[in-house]
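Here is a short report on one protein model. It goes from the overall fold to single residues.

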Amino acid sequence: MSDISELETRITTALERINAGLDKWADQPSANTDEVDALTRQLDDERTANAQLNERLSTLKDQMSEKLVVVENALSQLQAQLAQAEASADALRQSNQELRSSNDALRAAASTGVVEPALINDAMGAELTALRATQQADRAELDAVLSELTSMATPVSEEDTHA
């Protein structure tokens, strides 16, 4: 019988330990629930912050795209102005060369004492061509300056309307 009482004591002790473990485990889920709730709130906060950052990033990308379009347009205008200025400069160089050649021919004729009306007409035509080329070059330069002034004035007006 002592074996039975010993076994009964051991079984009782084991059941007490099991009950203590179950009580401990029963208390633990409420702690886990609180911890899970706190972690869920933190996760929601992080998701909200992430969504806000994505929205800011999207806004910045849109602004940069708009600015890129403006810069590309300005570059295109500047390239067109440069091409026009180069064409005017080439025309001016060519007309100046013609004028020099015509003047050389007039000097040569004047040194021989013979004045030829055709050389005078050629010289006058070359001078008129040179004047036109100079006028076109000046016009191209003025257009470039005017375009630059217009582009400088435009952003100021846009900033004033946004303020």
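**Overall make-up**

The model is predicted. The protein has two helices and zero strands. Helix H1 covers residues 2–112. Helix H2 covers residues 117–162. The protein counts 163 residues, and 8% of them are buried. The accessible surface is about 13,500 Å². Carbon and sulfur atoms hold 58% of that surface.

**Salt bridges**

The count of salt bridges comes to two.

| Arg | Asp | Closest N and O atoms |
|---|---|---|
| Arg 93 | Asp 90 | 2.4 Å |
| Arg 139 | Asp 143 | 4.0 Å |

Arg 93 and Asp 90 both belong to helix H1. They sit three residues apart, about one turn of the helix. Is Arg 93 buried or exposed? Arg 93 counts as exposed because its relative accessibility is 53%, and the cut-off for exposed is over 50%. Asp 90 has 44% relative accessibility, so Asp 90 counts as partly exposed.

The other pair lies in helix H2. Arg 139 and Asp 143 are four residues apart there, so about one helical turn separates them. Arg 139 counts as exposed because its relative accessibility is 54%. Asp 143 has a relative accessible area of 28%, so Asp 143 is partly exposed.

**A nonpolar patch**

Which residues make the nonpolar surface patch of about 480 Å²? Leu 7, Ile 11, Leu 15, Ile 18 and Leu 22 make it. Leu 7 lies in helix H1. Leu 7 has 47% relative accessibility, so Leu 7 counts as partly exposed.

**A buried serine**

Ser 95 is also found in helix H1. Why does Ser 95 count as buried? Its relative accessible area is 1%, and buried means under 20%. A polar atom of the Ser 95 side chain lies 3.0 Å from the backbone oxygen of Leu 92.

What does Ser 95 touch beyond its neighbours within four places in sequence? Ser 95 is in contact with Ala 126, Thr 129, Ala 130 and Ala 133.

Asp 104 has its place in helix H1. Asp 104 is partly exposed because its relative accessibility is 43%. Asp 104 and Ala 123 are 19 residues apart along the chain. Their C-alpha atoms are separated by 9.5 Å.

Glu 127 lies in helix H2. Glu 127 counts as partly exposed because its relative accessibility is 38%.

Definitions and conventions:
Residues numbered from 1 in each chain as written. Predicted model: local features only at pLDDT ≥ 70, side-chain atom pairs only at ≥ 80, totals over all residues. Heavy atoms only, no water. Patch = residues over 30% accessible without salt bridge, like charges linked within 9 Å, V, L, I, M, F, W, Y side chains within 5 Å. Areas by Shrake-Rupley, 256 points an atom, 1.4 Å probe, with all protein chains shown as cover. Salt bridge = Lys/Arg side-chain N within 4 Å of Asp/Glu carboxyl O. Buried < 20%, exposed > 50% of the residue type's maximum accessible area, 1.4 Å probe, protein only. Polar contact = N/O pair within 3.5 Å; in protein donor to acceptor, adjacent residues only side chain to side chain. Contact = heavy atoms within 4.5 Å.
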